[in-house]
Structures are given as structure tokens and as C-alpha cells.
Amino acid sequence: MAVLLDMVRSLLVIIILAGFLELLLPEGSFRPWVRFAAGLFVLVAILSPLLNLLQGEHDFSLEAWDYRVEAAEQRQVMKQGAALNQQLADTGGQELEEKLNRQIEAVALLIPEVYAVQGEVKLNADGGIERLTLRLSTQPEGAVEPVTVTGRDAEQKALEEAICTRLYTVLESFYGLAPEQIEAVFE
């Protein structure tokens, strides 16, 4: 009786899957091949239990249809899968941070008064930018530090504010960052 029950269950699953596949496929030359494959599976599902009954010493069963995983083995596989998923997520997050750093540094260098940029991106759990710290230099590399003259600090502060305003506008439009998420440090 158990053999008949297993055979009927297998047939129902195959017929339902074949019908579902046939509904998904468009009219055309591929549909007859799907019907043919489904028919072969139906024949195997019917003949396999019958051959087992007729010749008991030979095993004609299809292991893939009847494969059952023990609970302990399933937990181990799930644990390994979760560890692998976490490893891939960590690697992807690091690569994303590096690429975003390079992109944002390149965008910041497009501002005329900025000569050097070093960025540090901090991502949130969803992969979005949580915080961005930019170290900016308004002096060309190798330039001699200018002598401070009265009023020069106010001029430098105005330049830094103008750079920050442009930088916030550009980063907001490219990356959707709010000014609160960006920290600009001038060196």
C-alpha cells in the first residue's frame, strides 16, 4: 500500500509541475519537448515501483526523488551556508566601500580648489552610505605653506565654506547624501 501511495504522490507532483511549466511556456516549438520530458518522468515514476515489486533484489529507484536529509545533516548544511553567505557579504561590503571611496574622491577632485582628497566611507547594514569623512587639501602638492597675513584666515574660511557647499551639492545629487552625513576636514 505504501508503494502505491508513493507512486500516486510522485505522479501528482510530476503532473502538477508539468502542467505549471506548460502554462508558463509560450506557444512554439519548445512546448512539445516539455511534454515529452514530462511524459518520461511519468513513465519512470510508474515503472520504478513496479520493477521494484517484480525484482526485489535490484534497486531501480531514483535516489534524487526520494532523497531525504537527516535533521542533523540539514542543520550542518544550513550553518555552513550561513557562514558562506556572511563571508560573501563581508567581502562584498569591503569592495563596495573601496569603490565608493575611489568614486567620491574622484568626484571631490573635480572641484577646482581641491587638490587632494582622502575619503573614508562607512556603510550601514543595508549597504547604503551611513557616514562619509573627507580629508581635503586646498594647497597643491609640494606647495610651500603660505605665510599668514591678517585677513587670510577669513579668506581661507570663506574658501572652505564655498568648497563644502559645492561638495555637499554634488554628493547629494550623486549619492543622495545629506550634509549631516558628510564630514569635511581641511588639512
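**View 1. Helix α2 from end to end.** Helix α2 covers residues 31–54 and has 24 residues. From its first C-alpha to its last, α2 reaches 35 Å, close to the 34 Å expected at 1.5 Å a residue. The expected span is 1.5 Å times one less than the number of residues in the helix. Helices (H or I, at least four residues) and strands (E, at least two) are DSSP runs, numbered from the N terminus. This is a predicted model, in which local features need pLDDT of at least 70 and side-chain atom pairs count only at pLDDT 80 or more, while totals for chains, interfaces and linings use all residues. Residues are numbered from 1 along each chain as its sequence is written, and side-chain values use heavy atoms, with hydrogens and water left out.

**View 2. The buried residues of α2.** R31, V34, A38, A45, S48 and P49 are buried in α2. Buried means under 20% relative accessible area, exposed over 50%, and partly exposed in between (1.4 Å probe, protein chains only). The cover over these buried residues includes α1 (2–24).

View 3. The whole structure holds two aromatic pairs. One of them joins W33 and F36, edge-to-face, at 6.3 Å centre to centre with 90° between the planes. Rings of Phe, Tyr and Trp (its six-membered ring) pair if their centres lie within 6.5 Å; planes under 30 degrees apart count as stacked, over 60 as edge-to-face and the rest as tilted. Both W33 and F36 lie in α2, three residues apart, about one turn of the helix. An α-helix has 3.6 residues a turn, so residues three or four places apart point the same way. W33 counts as exposed because its relative accessibility is 60%.

**View 4. The F174 and Y175 pair.** Here the ring centres of F174 and Y175 are 6.4 Å apart and the planes stand at 50°, so the pair is tilted. F174 is exposed, with a relative accessible area of 59%. Y175 counts as partly exposed, at 24% relative accessibility.

**View 5. T133 in strand β2.** T133 lies in β2, which runs over residues 129–137. With 13% relative accessibility, T133 counts as buried. Beyond its neighbours within four places in sequence, T133 is in contact with Q118, G119, E120 and E183. Contact means heavy atoms within 4.5 Å.

**View 6. E180 and R131.** E180 sits in the loop between α5 (152–175) and β3 (182–186). Its relative accessible area is 62%, so E180 is exposed. The C-alpha atoms of E180 and R131 are separated by 8.5 Å, with the two residues 49 residues apart along the chain.
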